[in-house]
Amino acid sequence: MAFSQTHLLGIEPLHPTEITAILDLAENYVALNRSAEKHGRALEGMTQINMFFENSTRTQASFELAGKRLGADVMNMSMAHSSVKKGETLIDTALTLNAMHPDLLVVRHGSSGAVNLLAEKVNCAVLNAGDGKHEHPTQALLDALTIRRKKGRLHRLSIAICGDIAHSRVARSNLILLGKMENRVRLVGPPTLMPKGVEEFGVEVFDDMRAGLAGADVVMMLRLQRERMDGGFVPSEREYFHRYGLDAEKLAHAKEDAIVMHPGPMNRGVEIDGAIADDINRSVIQEQVEMGVAVRMACMDLLARNLRARRERERLREAAHG
Amino acid sequence: MTLWFHNARLIDPETGTERTGSLTVEAGQISAIDAPCPDGARRIDCAGKCLAPGIVDMGVQIGEPGAQHRESLRSAGLAAARGGVTTMILRPDTDPAIDTPEVLEYVTRRAEARTPVNIRCMAALTRGRAGREMAEIGFLLDAGAVAFTDGDRVVSDTKVLSRCMTYARGLGALIIGHPQDAGLSAGACASSGKFASLRGLPAVSPMAERMGFDRDMGLVEMTGVRYHADQITSARSLPALERAKRNGLDVTAGISIHHLTLNEFDVGDYRTFFKFTPPLRCEDDRRAMVQAVADGLIDVICSMHTPHDEESKRLPFEEAAAGAVGLETLLPAAMRLHHSDGLPLPLIWRALSFNPAQRLGLPSGRLTAGSPADLLLFDPDAPFVLDRFALLSKSKNTPFDGARMQGRVLATYVGGQAVYEREVSDA
């Protein structure tokens, strides 16, 4: 079995062959999504619930579309305004939903590890759509697919991840995935936005962006939350843009054919110059969004297959004992 | 009642020795060592097992008043008896806090009727543990408070703390501090480093503990107060502690058994039963702490018994409550220091029993004639697998659930009375 996971909680538990299996299947869905008849049947009869404890438009839309294109019944729950605010615990919410027999649960939560906790309490497949500062696996997978399509491979590349590494689940998932696939990962950002002990992850750390970008095949920019810019972690927006914003001059230090990525939503003029974000020769930001739907279709398809197989085994076991 | 323990492996923390012998208990006191059996005495054959002074557990939280559903004086007392703890030193972090003589008397009076083991109270240093106004230290001392602390709330206003210390100095009271820089550690639930970064948990450097300790040492030097650090858990704090002691400050330090036996990796996939204040440290720190206990630099090992209901722990790691129950697991966990880390039993008992009693001015913790017969008979080797639902504590939040442990309490005696007996043969 190329993909043996019950849930997709992070990149950390995945084997490189499982990552490749997801990406290979996602290629099929890229083709499907570009065809006129955008319908698959992999999730037919299944119920997918999107639980977003943090507001999100893009990721939620991507998961919703992915589920619908594969034939699932999709329900969106915006938990930011619901009973959670009335004091119900995460586990009670999970148990309530579990009683409705969903097959796929897509969860985003503000606390690291919250999705792991939830996955222990339900008997369906759980997908982590971002938990606190921990992981955001489908983002890393869609980035990987984008890189593989643009660069023709996903190994032995120099990849610079720039910006707010400390608060970014995207950065964590990406550096784990890219490390597993044997790439050279550099982290670029001010020391206040660099997590402790990060050198031990097998990455190179730079606080000078030009040095960090030198010879890079891929430049991955991260979003900097506005509330972190006013003297808390960096002195000001303009100083941040001056030192760590991606502009043509800094990008010139990377390889000539380096691609520029951003998980969105972008702060133009803060971490990235608008002209670069829109440069179709360098920026793959729109393609990332497209790959996002395909990768999420692939993840849910693979998890659904395992879920069906597991339920079938349980049914046979019960039949044998009953 | 007169008791005669024979064929016992006597663990004497005061002299740091262990040997086989007999011990006589009369009128609630140890009356003789290696004396013949008095007429009419109950003869207890220890079968070569260990007889030691009962544990003096410095820092037990009980839900009375305020949270009886988590732990009552009765349930804690039963747990203590089974865990070999003969004196519980209660923390004042109750609701309301033990910050007036009235609350202290209420707790003491209720404890007498409900708890088979000895109870002494620490009192809050400031009213409501709010860090603003001094509690009635004098009245509280008269009512029996053995020490003054705001628990894990740091008194961040140095002026308030310096006045409390100066006032306490005049009364000879012991102040227990929680060394931590409150600003640096705000919001953190893990020790900073590779593990916390991987898990995406808000983390604080162990340096925050050293900084808090350094600040407190400055105030201790300034005021001359008697001071005990509740938990020193990081190697970075040790040189400061060593220096303070060498300079003649009246300073001692403790550590919880969890920080001596677990490290940050035990948190694994966000297991909230491993969330502590301060957070678990790296393995290098843990080993340095074990060595510090062996060297006598750290004086006291305690359970930091902190009962929490299931709901407070069934939350995402950042939001979950910190702390674990420990009365019943203190001894078997401490046996890991013996079996795995090689510490001799008398040395461990010095930190569990003799030192805390001495620091708090209690007569127990000794194995000499005239001391109270607070005794503990245990088998240091007996293996078992811990089942948290078998604990007598009302709360079951132990990090050792399912752990293979060694060390079983066979019997516990308080003032010569058996408060727990499991497998004791009279002969």
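Me: Which helix gives the most residues to the lining of the largest pocket?

Reply: In this predicted model, helices H2 (58-69), H5 (137-151), H6 (169-180) and H11 (285-321) of chain A each supply at least two residues of that lining. The helix that gives the most, with 6 residues, is H11(A).

Me: What is the volume of the largest pocket, and which class of residue leads its lining?

Reply: The space in the largest pocket is about 890 Å³. Its lining comprises 34 residues, and those closest to the centre are Arg108(A), Arg169(A), Arg223(A), Gly264(A) and Pro265(A). By class there are 8 nonpolar and 10 charged residues, against 16 that are polar. The values asked for are therefore about 890 Å³ and, for the class, polar.

Me: How much area is buried between chain A and chain B?

Reply: The contact involves 22 residues of chain A and 17 residues of chain B. On the chain A side, Ser112(A), Lys196(A) and Phe201(A) lose the most area, together 27% of what that side buries. Carbon and sulfur atoms give 56% of the total, which is about 1600 Å².

Me: Which side chains meet in a salt bridge across the interface of chain A and chain B?

Reply: The rule finds 7 residue pairs in polar contact across this interface, and 1 salt bridge. A side-chain nitrogen of Lys or Arg must lie within 4 Å of a carboxyl oxygen of Asp or Glu, and here the N to O distance is 3.0 Å. The pair is Arg199(B) and Glu12(A).

Notes
Residues are numbered from 1 along each chain as its sequence is written. Chains are lettered from A and ligands numbered from 1 in the order in which they are written. This is a predicted model: local features need pLDDT of at least 70, side-chain atom pairs count only at pLDDT 80 or more; totals for chains, interfaces and linings use all residues. Side-chain values use heavy atoms; hydrogens and water are left out. On a 1 Å grid over the protein atoms alone, a cavity is a set of points where a 1.4 Å probe fits but cannot get out, and a pocket is an open set with protein on both sides within 12 Å along at least five of seven lines; lining residues have an atom within 4 Å of a point. Helices (H or I, at least four residues) and strands (E, at least two) are DSSP runs, numbered from the N terminus. Ala, Val, Leu, Ile, Met, Phe, Trp, Tyr, Cys and Pro count as nonpolar, Asp, Glu, Lys and Arg as charged, and the others, Gly among them, as polar. Contact means heavy atoms within 4.5 Å. Buried area is the accessible area (1.4 Å probe) that two parts lose on being put together, summed over both. A polar contact is a pair of N or O atoms within 3.5 Å; within protein, one must be able to donate a hydrogen and the other to accept it, and residues adjacent in sequence count only if both atoms are side-chain atoms.
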